[in-house]
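Subject: Structure for your study

Dear colleague,

Please find below the structure that I am handing over to you. My notes on what was found in it follow directly after.

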Amino acid sequence: MARMPYADPATLGEEARATLERMPVPLNVFRMMAHAETCFRPLVSLGTAILARQKLSGKLRELAILRVAQLSTARYEWTQHVPLAQALGASDEQIAALERGDLSAPCFDDDERLVLDFTTEVVRDVRPCDETFERFLGRFSPRELVELVLASGYYMMIARLLETTDVDLEAPAGTRMLDAVQRWANAKDGESES
């Protein structure tokens with residue numbers, strides 16, 4: 001059971017209430033996040049950008065998010081992101097290897113292992129060592145490097161919110177949230193092209 005009540009839409013300001021009501025899947029994490037009324041909409045916007053607009057591949061992003069969840073012992077985050085990782089190409093073997101912390105498992109290719117090593121160092125050490133940083137830039141663009149740092153940081157923050165407040169775990173949303181976020185991002189792209 002959550003350590004404190006979820007935000008009550010009736011007591012929220014207009015912007016926070018509208019943001020919560022527009023959520024395509026009313027997950028408990030959003031109901032808890034809504035307490036931070038002035039931060040809620042920007043946080044949702046950042047999460048949307050991470051899930052739908054990054055150049056970094058979705059599969060690599062989701063493997064990184066699962067690594068953050070595993071290192072943070074954030075079961076809620078793990079449970080919600082496993083179906084997304086699978087939908088974007090992560091295998092059951094990769095999920096199992098991540099769950100046990102085996103980054104050297106042969107199921108990961110060199111790029112996946114590099115992303116996981118980079119994410120691990122960002123989470124554990126705040127900054128990756130020079131060797132990991134240079135290897136990453138030798139394979140990925142500066143944009144992808146910054147996107148990975150931002151995605152890792154965002155999901156570290158969410159993990160800490162989840163664990164601090166003990167958000168109740170509901171059934172995984174599967175790809176419903178990702179599908180809705182991608183539709184929203186595509187609609188926004190269409191608006192900017194008009």
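Helices α7 and α9 are oblique to each other, the word for angles that are not under 35 degrees (roughly parallel), over 145 (roughly antiparallel) or 65 to 115 (roughly perpendicular). Please note that this is a predicted model, in which local features need pLDDT of at least 70 and side-chain atom pairs count only at pLDDT 80 or more, while totals for chains, interfaces and linings use all residues. Residues are numbered from 1 along each chain as its sequence is written, and side-chain values use heavy atoms, with hydrogens and water left out.

The pair α7 and α9

Helix α7 covers residues 110-125 and helix α9 residues 142-165; they pack at an angle of about 55°, with their axes 10 Å apart. Helices here are DSSP runs (H or I, at least four residues), numbered from the N terminus. Axes are lines fitted to C-alpha atoms, for helices over the stretch in contact, and angles run from 0 to 180 degrees between N-to-C directions. On the α7 side, the contact (heavy atoms within 4.5 Å) is made by Val115, Phe118, Thr119, Val122 and Val123, and on the α9 side by Leu145, Leu148, Val149, Ser152 and Met156. These residues of the contact of α7 with α9 comprise eight nonpolar, two polar and no charged. In this count, Ala, Val, Leu, Ile, Met, Phe, Trp, Tyr, Cys and Pro are nonpolar, Asp, Glu, Lys and Arg are charged, and the others, Gly among them, are polar.

The pair α1 and α3

The axes of helix α1 (residues 14-22) and helix α3 (residues 37-52) come within 8 Å and cross at roughly 40°, and α1 and α3 are therefore oblique to each other. Here α1 passes α3 in a left-handed crossing. Glu15, Ala16, Thr19, Leu20 and Arg22 of α1 make the contact with Glu37, Phe40, Arg41 and Val44 of α3. The residues of this contact of α1 with α3 are four nonpolar, one polar and four charged.

Thr19, in helix α1, is buried, with a relative accessible area of 4%. The classes are buried (under 20% relative accessible area), exposed (over 50%) and partly exposed (in between), with a 1.4 Å probe and protein chains only. Apart from its neighbours within four places in sequence, Thr19 is in contact with Phe40, Arg41 and Val44.

Helix α4

Helix α4 (residues 58-71) has 14 residues and spans 20 Å from its first C-alpha to its last, close to the 20 Å expected at 1.5 Å a residue; the expected span is 1.5 Å times one less than the number of residues. Eleven of the 14 residues of α4 are buried, so α4 is largely enclosed by the rest of the structure. Among them are Gly58, Leu63 and Ala69. Just after α4, Thr73 takes a positive phi of about 50°.

Helix α8

Glu134 is placed in helix α8 (residues 130-139) and counts as exposed, at 53% relative accessibility. Arg139 also lies in α8 and is partly exposed, with a relative accessible area of 45%. Leaving aside neighbours within four places in sequence, Arg139 is in contact with Asp111 and Leu114.

Yours sincerely,
A colleague

Definitions and conventions: Helices (H or I, at least four residues) and strands (E, at least two) are DSSP runs, numbered from the N terminus. A crossing is left-handed if the near helix is turned anticlockwise from the far one by less than a right angle, and right-handed if clockwise.
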